[in-house]
Amino acid sequence: MHGFLIKWRGLCAAVLVLGVLPGCASTGSASPAARPVLYPNATLNRVGEAQGRAEADACMARAASAGLTPAENTNAVARGAGVGAATGGVAAAVGALITGRGGEGVVRAGVGGAAVGGSAGAVQGAFRNDRPSSTYRTFVQRCLGEKGFDVIGWN
């Protein structure tokens, strides 16, 4: 029973890390979730902050309807997990063969290595997934510019 609890705690810790770290990586001005920051020019001063946000929302929706997405690469987590699982599984199995473990030992090492490699790859992919699309941002900035707004950055 004690061994089961230790394994369960380890699984819970891994799930926590895999769930929290990608969330940490997905905030800030370099995040796909960032919003345009409007310079307080004559247009923004005339219409107000609330209307400026509404216009930004409309431009972001227009970009989405044109088929653009805020994230540059949306499948990096899955790809990272797959590459990590394959790499970890093969490396662990080869290591088991070199150290002279039997067939069952090779399979166990391969499965364990795949689990560790897949988890590490998913975390790495989550951090890499956090790239904003420059085409999406350019579209939104041009849309806002045509309405008289000046975008000075993204937050």
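Glu 146 and Arg 142 sit four residues apart in helix H6, about one turn of the helix; helices here are DSSP runs of H or I with at least four residues, strands are runs of E with at least two, and both are numbered from the N terminus. An α-helix has 3.6 residues a turn, so residues three or four places apart point the same way. The two side chains form a salt bridge, with the closest N and O atoms 3.6 Å apart; the term covers a side-chain nitrogen of Lys or Arg within 4 Å of a carboxyl oxygen of Asp or Glu. Glu 146 is exposed, at 56% relative accessible area, and Arg 142 counts as exposed too, at 60%. Buried means under 20% relative accessible area, exposed over 50%, and partly exposed in between (1.4 Å probe, protein chains only).

All of this comes from a predicted model, in which local features need pLDDT of at least 70, side-chain atom pairs count only at pLDDT 80 or more, and totals for chains, interfaces and linings use all residues. Residues are numbered from 1 along each chain as its sequence is written, and side-chain values use heavy atoms, leaving out hydrogens and water.

Helix H6 itself has 13 residues and spans 18 Å from its first C-alpha to its last, close to the 18 Å expected at 1.5 Å a residue (the expected span being 1.5 Å times one less than the number of residues). Its buried residues are Tyr 136, Arg 137, Val 140, Cys 143 and Leu 144. They cover an arc of only 130° around the axis, so they end up on the same side of H6; the arc is taken from the directions from the helix axis to the C-beta atoms. Turned away from that buried side is a face with the exposed residues Ser 134, Arg 142 and Glu 146. The buried residues of H6 pack against S1, H3 and S2. Just after H6, Gly 148 has a positive phi of about 95°.

What joins Cys 59 to Cys 143? The link is a disulfide, with an S to S distance of 2.1 Å, and the count of disulfides comes to one (a pair of cysteine sulfur atoms within 2.5 Å). Cys 59 belongs to helix H3 and Cys 143 to helix H6, so the pair ties together parts that are 84 residues apart in sequence. The link is left-handed, with -75° about the S-S bond. Cys 59 is buried at 0% relative accessibility, and Cys 143 is buried at 4%. Beyond its neighbours within four places in sequence, Cys 59 is in contact (heavy atoms within 4.5 Å) with Phe 139, Val 140, Cys 143, Leu 144 and Lys 147.

Cys 59 also turns up in the largest nonpolar core, which has 13 residues; Leu 38, Cys 59, Tyr 136, Val 140, Leu 144 and Phe 149 have the most contacts inside it. Such a core is a set of buried Ala, Val, Leu, Ile, Met, Phe, Trp, Tyr and Cys residues joined through side-chain atoms within 4.5 Å. H3 and H6 are the elements that give two or more residues to this core.

The whole structure holds three salt bridges. One of them pairs Glu 55 with Lys 147 at 2.7 Å, N to O. Glu 55 lies in helix H3 and Lys 147 in the loop between helix H6 and strand S2, so parts 92 residues apart in sequence are tied together. Arg 35 and Asp 57 also meet in a salt bridge, at 2.6 Å.
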